[in-house]
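First a term, then the loop, then the rings.

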Amino acid sequence: MKNYIGVKIVKAEPREKNGVPGYAVKYPDGYVSWSPKETFEKAYRELDCKDFINSEG
């Protein structure tokens with residue numbers, strides 16, 4: 001197998017699910033999911049910049 005790396009910008013907010021801390025995650029195509037806190041925080045870092053998902057062009 002070969003190695004791959006992916007980068008994506010998502011929108012997220014803290015949200016518990018069944019008492020487990022995590023994040024509600026929304027992808028640019030509108031798909032919404034939930035990720036456990038530890039998993040999410042290992043994969044994503046907060047951006048303090050332009051809103052890439054809701055901006056036009």
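I call a residue buried under 20% relative accessible area, exposed over 50% and partly exposed in between (1.4 Å probe, protein chains only). This is a predicted model, so I kept to pLDDT of at least 70 for local features and 80 or more for side-chain atom pairs, while totals for chains, interfaces and linings use all residues. Residues are numbered from 1 along each chain as its sequence is written, and side-chain values use heavy atoms, with hydrogens and water left out.

**Loop entry.** I looked up Glu16 and found it in the loop between β1 and β2; strands here are DSSP runs (E, at least two residues) and helices are runs of H or I, at least four, numbered from the N terminus. Glu16 is exposed at 58% relative accessible area. Leaving out residues up to four places away in sequence, Glu16 touches Pro21, Gly22 and Trp34 (contact: heavy atoms within 4.5 Å). I also noted 8.5 Å between the C-alpha atoms of Glu16 and Pro36, which sit 20 residues apart along the chain.

Asn18 lies in the loop between β1 (11-14) and β2 (22-26). Asn18 is exposed too, at 77%, and has a positive phi of about 55 degrees without being a glycine. Most residues other than glycine have a negative phi.

**Ring entry.** I found 3 aromatic pairs, counting Phe, Tyr and Trp (six-membered ring) with centres within 6.5 Å; planes under 30 degrees apart are stacked, over 60 edge-to-face, the rest tilted. Tyr23 and Phe40 are stacked, at 4.2 Å centre to centre and 25 degrees between planes. Tyr23 is in β2 and Phe40 in helix α1 (37-43), so this pair ties together parts 17 residues apart in sequence. Tyr23 is buried at 15%, and Phe40 is buried at 9%.
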